[in-house]
Amino acid sequence: MSSVGSSSSVSSSSVEICARNLLDISFKYTWLIEEYLNLLDSRVNIDSPTFDFYLNGLKSKWSLAIRYWTDEDGRRLSNPVVICLNLVSSISEIREEIEVRYQFGVWNEVVKQYEVSPLGSQLVTLAGPVSQDLISLGYRELYILDTHLLKKNVQLFSKIMIVRSKVEENTLALDLWNKMKNNEHCDVILISNEGDRFPVHKTIIFCRSRGLGKLISKMSNTMVNLNMSTSILTGLLQYIYTDRVDPLKTPIALLKISVNFELPGLKNICEKALIDSITPKNVASLIWIADNFFCEALKKAGLAYLEENARSIVKTITWEVMEHVNPELFEEVCQSQG
């Protein structure tokens, strides 16, 4: 990998909090690299300005960097580039372990949206009150093409989620979640397909999910059999009580349930996870799901992915089903491929 020179004064940036849940927080760092092609020709490495973030006793400083592969003769290759995430320094109140989940993206000026990389994660042990030295957390390869140029500039982002093993105490959501798990003051029992029983609070269910509340109200007793697995029911209840699902292992199943039980927040969580998981093999299936469950963002992302990756798309049985069952959607998908 090339390591000639360095530049960090040719860019502008911003930090935006994306979402905060009970146990974690995520933020998005946007990095506009000005005169990118000139920097590429000058053979300097490109480093972002450092950006600071403070989370409940954890002070952290971060940076992004672009590096380049070289050929066997030592000449720099313009693509793919390597974008790296660094934890420059950190100070925490106690020694603790955190999980850092990250994702990169590059703005496509033609389709007016980001092309994103797969998610990555790294466990980090923080040293506590002592300042932590720089840690390289991970990297991904990205292609920067003519479609990514904003005039002569390139805009990248990194979405970073910090998941702390030491949870916040005495919050409303955590107290209610613990009462559910400990079967305190519960007045309804939900039963999974496997026969596992989940005592819950009827008032909370009614407040959070109108659809599930209606289902419970139709039952004459306090035991309700739900047609879903234990793992799905666990994820559903975790969202109802805490606004989060971690880990989110079955976003498609939970997406369908979120629509049936009228949980728009859960739907958004699942939709974002599916957007991040688009591949040449599953893109048609995800567009099909998006169309059936009114997920506009997922459908838009899938169609844009088809347009940008037409040559690498893997034709699965979903394409045949779509052509026969929903020819209008099939035609829209084919037009996206050009």
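1. Ile317, Val321 and Val325 make up a nonpolar patch on the surface of this predicted model, and together they have about 280 Å² of accessible area. Such patches consist of residues with over 30% relative accessible area and no salt bridge, nonpolar side chains (Val, Leu, Ile, Met, Phe, Trp, Tyr) being joined within 5 Å and like charges within 9 Å; a salt bridge is a side-chain nitrogen of Lys or Arg within 4 Å of a carboxyl oxygen of Asp or Glu. Accessible areas come from the Shrake-Rupley method with a 1.4 Å probe, and for residues only the protein chains shown count as cover.

2. Val321 lies in helix H10 (residues 317–325), and with a relative accessible area of 37% Val321 is partly exposed, a term for values between buried (under 20%) and exposed (over 50%). Helices (H or I, at least four residues) and strands (E, at least two) are DSSP runs, numbered from the N terminus.

3. The buried residues of helix H4 (residues 210–217) are Gly211, Leu212, Gly213 and Ile216. Their cover includes strand S14 (188–191), helix H3 (202–208) and helix H6 (251–260), where contact means heavy atoms within 4.5 Å.

4. In the protein as a whole there are eleven helices and 16 strands, and 45% of the 338 residues count as buried.

5. Residues are numbered from 1 along each chain as its sequence is written. In this predicted model, local features need pLDDT of at least 70 and side-chain atom pairs count only at pLDDT 80 or more, whereas totals for chains, interfaces and linings use all residues, and side-chain values use heavy atoms, with hydrogens and water left out.

How values were computed:
Buried < 20%, exposed > 50% of the residue type's maximum accessible area, 1.4 Å probe, protein only.
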